[in-house]
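User: I would like to work through how the chains of this assembly are arranged and where they meet. Please take it one question at a time.

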Protein chains: 6
Amino acid sequence: MADILTHFDEDGRAQMVDISAKQQSQRVAIAQGRISMSGDAFSKITSGRVKKGDVISIAELAGIMAAKRTSDLIPLCHPLMLNKVQVKITPAQDEPVLIIQSTVKISGQTGVEMEALTAVSIAALTIYDMVKAIDKSMIIGPIKLVHKSGGKSGDFNNDDEIEAI
Amino acid sequence: MADILTHFDEDGRAQMVDISAKQQSQRVAIAQGRISMSGDAFSKITSGRVKKGDVISIAELAGIMAAKRTSDLIPLCHPLMLNKVQVKITPAQDEPVLIIQSTVKISGQTGVEMEALTAVSIAALTIYDMVKAIDKSMIIGPIKLVHKSGGKSGDFNNDDEIEAI
Amino acid sequence: MADILTHFDEDGRAQMVDISAKQQSQRVAIAQGRISMSGDAFSKITSGRVKKGDVISIAELAGIMAAKRTSDLIPLCHPLMLNKVQVKITPAQDEPVLIIQSTVKISGQTGVEMEALTAVSIAALTIYDMVKAIDKSMIIGPIKLVHKSGGKSGDFNNDDEIEAI
Amino acid sequence: MADILTHFDEDGRAQMVDISAKQQSQRVAIAQGRISMSGDAFSKITSGRVKKGDVISIAELAGIMAAKRTSDLIPLCHPLMLNKVQVKITPAQDEPVLIIQSTVKISGQTGVEMEALTAVSIAALTIYDMVKAIDKSMIIGPIKLVHKSGGKSGDFNNDDEIEAI
Amino acid sequence: MADILTHFDEDGRAQMVDISAKQQSQRVAIAQGRISMSGDAFSKITSGRVKKGDVISIAELAGIMAAKRTSDLIPLCHPLMLNKVQVKITPAQDEPVLIIQSTVKISGQTGVEMEALTAVSIAALTIYDMVKAIDKSMIIGPIKLVHKSGGKSGDFNNDDEIEAI
Amino acid sequence: MADILTHFDEDGRAQMVDISAKQQSQRVAIAQGRISMSGDAFSKITSGRVKKGDVISIAELAGIMAAKRTSDLIPLCHPLMLNKVQVKITPAQDEPVLIIQSTVKISGQTGVEMEALTAVSIAALTIYDMVKAIDKSMIIGPIKLVHKSGGKSGDFNNDDEIEAI
């Protein structure tokens with residue numbers, strides 16, 4: 001198993017894996033997630049009546065900031081110098097759902113999938129926090145990786161899973 | 001809207017709401033989430049061949065630690081002195097799915113829903129991190145609050161949503 | 001001197017002072033600051049053309065989040081459970097200046113002046129960061145405490161220093 | 001506006017800007033600030049009677065440590081591997097004022113102005129914290145960038161603003 | 001075993017233990033440690049020629065700051081609002097050794113042994129960092145708890161282990 | 001002294017030293033430490049009866065995570081992008097002692113001795129935390145650097161100090 005689950009050494013002990021020998025390359029990861037809520041909550045958030053500090057832009061910002069904290073949160077993630085983080089949240093067309101998409105870039109020796117997924121997760125939690133006074137039954141997820149490029153393992157695309165935003 | 005979305009003042013400006021007047025009470029929150037994966041990945045994690053540092057216990061620990069960081073991550077959350085944090089991850093009975101459940105307690109003036117949801121989210125991301133070398137298509141979610149008690153707003157139960165663990 | 005600069009013990013050694021014997025009380029601190037910029041930069045920020053993620057609301061949010069990190073940043077500050085943090089940024093009437101005001105509340109054994117001043121400082125730095133591409137000569141300050149209440153030392157008011165916002 | 005305030009994308013959404021295409025270069029930033037206080041407070045700090053843990057060296061250290069936390073505090077700042085951070089605090093010649101100067105260096109793809117300004121700001125706040133028991137009316141600021149070199153935008157000098165230290 | 005190692009539940013799963021039912025009380029912990037070095041390194045540090053920023057006061061400050069971060073570092077520690085943290089470092093009488101002692105106080109539901117031990121450990125590491133250019137063979141330890149009071153388990157004293165400082 | 005204790009400038013002021021001119025190289029550091037306890041505590045930890053979340057693997061994980069936080073904790077340490085962190089804890093053969101060893105790698109301009117020593121220290125503290133309910137007299141240390149390679153100062157080996165693990 002150790003040869004497959006790379007975060008464990010030959011004795012089954014967790015480790016932050018050695019990336020010394022990996023090539024520096026341009027790497028990109030895109031993740032997506034959703035948060036579903038009541039129609040009432042949804043219309044409150046998206047009605048556009050809030051000029052400043054609106055729910056969506058706060059959640060986008062929280063997602064960006066969280067991407068930078070990924071290695072503090074995920075035990076075996078490497079600390080990384082991210083080149084770009086973007087989080088976009090858009091209302092779905094015909095459901096009371098917000099779609100969250102993050103894009104993270106780095107020029108480095110390991111990928112940024114976890115940073116992209118963390119950004120989406122914390123953005124979703126931030127929405128939950130601000131809306132929970134009117135809807136505690138919101139559902140976070142599905143959250144998934146939709147694209148990854150760069151690095152030896154090649155590109156990953158989960159295209160049929162990408163929602164238009 | 002300001003009277004409903006309490007994180008915004010009368011001008012629509014975000015704020016960390018004033019909890020000075022709220023009663024100190026025993027508060028509990030329970031959240032649940034899932035991460036779905038391929039049968040191959042699932043059997044690797046749950047086969048019990050890894051003695052130390054196994055995926056599930058690392059993810060449980062990461063969830064506990066993340067609960068303590070909630071106010072650093074969610075912009076308008078209050079810093080809180082948590083009394084208890086527990087994260088339990090169990091394999092589902094008949095699907096390649098791990099079910100994650102967190103329980104957070106506090107004696108304080110505001111609830112711990114966000115701490116419980118953050119614990120579940122980071123535990124799920126930690127599983128993703130350790131398993132992504134063999135399955136990048138894992139799905140995180142749905143994540144939801146299943147129980148909340150304490151405080152003026154009374155109990156919240158999402159019972160039909162609770163999975164047996 | 002040690003009896004006056006309370007952060008130093010009788011040997012002149014820095015310490016986080018013992019607040020065990022201090023009374024729990026409702027405490028409030030209000031701080032104010034300014035950031036001055038070119039007319040060009042000022043009109044860009046305040047023109048209202050940016051719908052989402054505008055400079056002012058991001059800076060307000062950064063100030064709130066920074067208040068929660070005060071004890072990580074200021075070496076001898078006590079970790080505190082803040083009850084409320086609010087940051088308001090308003091354009092001055094007749095100068096290219098943004099006025100930043102924070103209000104922090106706690107029910108505790110020590111005051112929150114540092115949290116209020118930290119919120120203002122980080123909000124100002126966040127504005128600088130977002131505007132520096134068009135104006136590197138911005139001036140941060142003066143930043144000052146304008147009000148403090150609660151605790152044994154009584155109220156402090158710097159009223160003639162308060163700017164209308 | 002998006003083309004000018006680079007932290008916002010074409011939709012006015014905040015982002016951590018993509019620095020992938022920027023050149024690696026040696027970059028330096030120098031910032032300066034002041035904190036003004038009563039003559040009584042000033043003479044207490046600068047009288048040299050405190051052997052260990054004196055106010056000035058604690059504030060210098062807090063400034064250095066804060067520079068390393070800049071990307072945690074300023075929402076859209078990139079995480080950076082700083083090569084050098086220095087903070088010098090000196091009493092002004094003929095006023096009860098401390099002058100704070102920071103110098104930050106990096107070999108990287110983006111500048112360190114924010115790190116230099118953050119170091120000065122937190123150093124000033126740390127002085128405030130330690131002296132506030134005897135003077136709550138201290139004034140922090142003006143704080144400004146005095147020099148920047150490296151990177152495509154070329155050198156910036158605010159020479160007439162530099163105080164001799 | 002679960003009934004003894006309280007950080008594990010009945011299934012052997014790690015948890016942050018529930019302290020809801022524990023009494024609030026005044027609690028104190030004192031820890032001590034040593035760092036041994038070459039006579040050359042020792043005389044450099046203790047010669048008193050460094051006016052500002054000397055090794056000992058920086059290490060004391062680092063220890064104080066680390067005590068506040070304990071719950072971020074030790075996975076199952078509760079976040080706590082410390083009432084006092086003091087770190088004293090003194091040269092031993094007749095060996096090239098620095099003795100480090102911390103005192104931490106809280107009024108709370110759980111003890112502060114870990115905060116005291118963390119303060120000593122980080123203070124020792126900070127000394128190592130500043131002196132390693134002239135001595136890489138320094139030895140950190142023994143580090144131990146010397147006193148604990150408050151709480152149901154009663155007082156703990158390791159008196160014969162306390163070094164005079 | 002300033003020419004020897006490099007963390008101080010010519011005025012004796014603490015600084016994060018300038019590493020701009022240092023060569024990028026592969027650097028490795030290995031540190032070791034011990035924690036001694038009662039035979040009773042030792043047998044509880046090493047008896048292998050705890051399936052999940054056992055003391056040793058939690059402490060290993062805490063050590064790995066702490067290595068990533070080193071520059072937050074040690075005031076003059078540079079922030080670094082670590083390539084590898086591994087922590088191994090093994091019971092000693094004939095004493096009630098756990099031996100902790102960390103290995104840290106980087107490709108960078110400064111060494112990772114402090115990261116290795118911090119990993120060992122926090123791992124030891126984590127063991128103390130989980131075992132203190134049954135033994136408060138545990139002793140942490142000696143902790144020391146056993147190997148360092150890379151960089152201009154050449155290799156350092158403390159071979160006779162290395163314990164077999």
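This is a predicted model: local features need pLDDT of at least 70, side-chain atom pairs count only at pLDDT 80 or more; totals for chains, interfaces and linings use all residues.

User: What kind of rotation axis relates chain D and chain C?

Analyst: Two copies of a chain are related by a rotation about an axis and a shift along it.

User: Do chains D and C meet through the same surface or different surfaces?

Analyst: The contact takes 54 residues from chain D and 54 residues from chain C. Of the interface residues of chain D, 100% are also interface residues in chain C, so the copies meet through the same surface.

User: How much area do chain D and chain C bury between them?

Analyst: The size of an interface is often given as the accessible area lost when the parts come together. Carbon and sulfur atoms carry 71% of the area buried here. The area that chain D and chain C bury between them is about 4,800 Å².

User: Which element gives the largest share of the side of chain D that touches chain C?

Analyst: Between chain D and chain C there are two salt bridges, and Arg69(C) forms one with Asp72(D), with the closest N and O atoms 3.7 Å apart. Several elements of chain D each supply at least two residues of the side that touches chain C, including α1 (39-46), α2 (55-68) and β5 (144-149). The largest share, twelve residues, comes from α4(D).

User: What kind of rotation axis relates chain E and chain C?

Analyst: A rotation of 120 degrees, with 0.0 Å of shift along its axis, superposes chain E on chain C at an RMSD of 0.0 Å. These two copies are thus related as by a three-fold rotation axis.

User: Do chains E and C meet through the same surface or different surfaces?

Analyst: On the chain E side 19 residues are in contact, and on the chain C side 22. Only 11% of the interface residues of chain E are also interface residues in chain C, so the copies meet through different surfaces.

User: Which three residues of chain E supply 35% of the area that chain E buries against chain C?

Analyst: Chain E and chain C bury about 1,600 Å² between them, with 52% of it from carbon and sulfur atoms. The 35% share is more than any other three residues supply, and it belongs to Lys68(E), Met81(E) and Asn83(E). One of these also comes closest to the rotation axis among the residues of chain E, at 4.5 Å by its C-alpha: Met81(E).

User: How many salt bridges are there between chain E and chain C?

Analyst: One of them joins the side chains of Lys105(E) and Asp18(C), at 2.7 Å from N to O. Polar contacts between the two chains come to 13 residue pairs. The count of salt bridges between chain E and chain C is three.

User: How far apart are the closest C-alpha atoms of chain B and chain D?

Analyst: No contact joins chain B and chain D. Their closest C-alpha atoms lie apart by 9 Å.

User: How many residues of α2(F) are buried?

Analyst: Helix α2 of chain F covers residues 55-68 and reaches 21 Å from its first C-alpha to its last, close to the 20 Å expected. The helix is mostly covered, and its buried residues number 14 of 14.

Note on methods
Residues are numbered from 1 along each chain as its sequence is written. Chains are lettered from A and ligands numbered from 1 in the order in which they are written. Side-chain values use heavy atoms; hydrogens and water are left out. Helices (H or I, at least four residues) and strands (E, at least two) are DSSP runs, numbered from the N terminus. The expected span of a helix is 1.5 Å times one less than its number of residues. Buried means under 20% relative accessible area, exposed over 50%, partly exposed in between (1.4 Å probe, protein chains only). Contact means heavy atoms within 4.5 Å. Buried area is the accessible area (1.4 Å probe) that two parts lose on being put together, summed over both. A salt bridge is a side-chain nitrogen of Lys or Arg within 4 Å of a carboxyl oxygen of Asp or Glu. A polar contact is a pair of N or O atoms within 3.5 Å; within protein, one must be able to donate a hydrogen and the other to accept it, and residues adjacent in sequence count only if both atoms are side-chain atoms. Copies are superposed by least squares on the C-alpha atoms of residues with pLDDT of at least 70 in both.
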